[in-house]
Amino acid sequence: MATADQRAEAHDVWLPIPPDEIDGLPGGLRYVHWDAGPDYPADPARCAFYAVPYMKDTEISLRPLSRMSRVRVVQTLTAGVDNMLPGLEWMPSGAQLCNARGLHDASTAELALTLILAALRDVPGFVRGQDAGEWRHGFRPALADKSVLIVGYGSIGSAIEDRLTPFECARVTRVARTARDTVRGLVHPLSGLSALLPDADVVVLATPLTETTRGLVGSDFLARMKDGALLVNVARGPVVDTKALLAELESGRLRAALDVTDPEPLPPGHPLWHAPGVLITPHVGGPSSAFLPRAKRLLRDQLTLFAAGEPLRNVVATAG
């Protein structure tokens, strides 16, 4: 963590939210507002704490970092930090990269449940029927009595299970990088995933994008899913091999509900737009009315620790 001398050399805090809109910010720091505009609000070399603008292009978010020669903390407002990892080489030794674990739990878990229910009950089909003025009656699958597999059982995965609890699922199975016990039961290791896939009616991806999870959902993974199963991705697009998924969708064997895609944004004319059995939302798991109050709370709490010289939360990497 920054020493008093280091904070005296660089004490600017760059915030993507106007500082006068965040109650309780600690004193002793100079706050400036930058949300990825073309002009910088201050000299980047004086920045000690850089809160990365939310949902902006990676190139824009990284641009000032190369000039932040005395930065001590880079704080994202996303759970994943894959877009900021290339900037580690520009950060001075000891500077910390922090993610926003917990910030998007409610919003992303809410969307995951929305996608599951909408896909199972064919809400898109009903909307198309409404647009056409057609009464499309019939039976659709329910979430009740289904087996759900959550791949990536961190804070978001746990929040998804919270919201599944009232829906009378037959079982919820949890998978994370390593095995552990929780109050709800066993979390299986990622190494045991292939044996769990054939039992799942719904597979929810909530894992971070790492070298281990990139392309995790490929042809072998998809082949082990049962006929008619639903794949839900609220993680990152590159976790899924798009070509392999398209093959399964076009065969009619699997269905999918995707908040993230690879490529992203999905370009016009891409075959995934019109693949059978797919529901697509445009990466809206985080941006909801739940975002701003939680983002303000996270920034205030982290800056309070920073100003006091206390260890920060959610440190995922340290420049070296």
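This note goes through the pockets, cavities, salt bridges and backbone of the model point by point.

1. Basis. The model is predicted, so local features need pLDDT of at least 70 and side-chain atom pairs count only at pLDDT 80 or more, while totals for chains, interfaces and linings use all residues. Residues are numbered from 1 along each chain as its sequence is written, and side-chain values use heavy atoms, with hydrogens and water left out.

2. Second largest pocket. A pocket is an open set of points on a 1 Å grid over the protein atoms alone, with protein on both sides within 12 Å along at least five of seven lines; lining residues have an atom within 4 Å of a point. The second largest pocket has a volume of about 270 Å³, where volume is the space filled by probe spheres set on the points, and grid points are joined across faces, edges and corners. It has 18 lining residues, and those closest to its centre are Asp122, Pro124, Gly277, Val278 and Leu279. At least two lining residues come from each of α3 (105–120), α4 (123–132), β12 (255–258) and β13 (278–280). Helices (H or I, at least four residues) and strands (E, at least two) are DSSP runs, numbered from the N terminus.

3. Classes in that lining. The lining of the second largest pocket has 12 nonpolar, two polar and four charged residues. Ala, Val, Leu, Ile, Met, Phe, Trp, Tyr, Cys and Pro count as nonpolar, Asp, Glu, Lys and Arg as charged, and the others, Gly among them, as polar.

4. Cavities. A cavity is a set of grid points where a 1.4 Å probe fits but cannot get out. There are two cavities of 30 Å³ or more. The largest cavity has a volume of about 40 Å³. Among the residues that line the largest cavity are Asn233, Val240, Leu258, Asp262 and Leu272. Its lining divides into five nonpolar, four polar and one charged.

5. Nonpolar surface patch. Val123, Phe126 and Val127 form a nonpolar patch on the surface, with about 220 Å² of accessible area together. Patches are made of residues with over 30% relative accessible area and no salt bridge; like charges are joined within 9 Å, and nonpolar side chains (Val, Leu, Ile, Met, Phe, Trp, Tyr) within 5 Å. Accessible areas come from the Shrake-Rupley method with a 1.4 Å probe, and for residues only the protein chains shown count as cover. Phenylalanine 126 belongs to helix α4 and is partly exposed at 35% relative accessible area. Buried means under 20% relative accessible area, exposed over 50%, and partly exposed in between (1.4 Å probe, protein chains only).

6. Salt bridges. The structure holds 14 salt bridges, each a side-chain nitrogen of Lys or Arg within 4 Å of a carboxyl oxygen of Asp or Glu. One of them joins aspartate 35 and lysine 56 (4.0 Å, N to O). Aspartate 35 is in the loop between β2 (30–33) and β3 (47–51), and lysine 56 is in the loop between β3 and α2 (58–62), so the pair ties together parts 21 residues apart in sequence.

7. Two further pairs. Aspartate 162 and arginine 184 form a salt bridge, with the closest N and O atoms 2.0 Å apart. Aspartate 162 is in helix α5 (residues 155–164) and arginine 184 in the loop between β8 (180–182) and β9 (185–189), 22 residues apart. Both residues are part of a network of salt bridges that also includes Glu161 and Arg174. The side chains of aspartate 201 and lysine 226 also meet in a salt bridge (3.1 Å, N to O). Aspartate 201 is buried, with a relative accessible area of 19%, whereas lysine 226 is partly exposed at 28%.

8. Cis peptide bonds. The bond from aspartate 262 to proline 263 is cis, with omega near 10 degrees. The bond from glutamate 264 to proline 265 is also cis, with omega near -5 degrees. Proline 263 is in the loop between β12 and β13, and proline 265 is placed in the loop between β12 and β13 as well.

9. Positive phi. Methionine 55 is not a glycine, but its phi is positive, near 60 degrees. Methionine 55 is in the loop between β3 and α2. Glutamate 168 has a positive phi of about 60 degrees and is not a glycine either. Glutamate 168 is exposed, with a relative accessible area of 60%.
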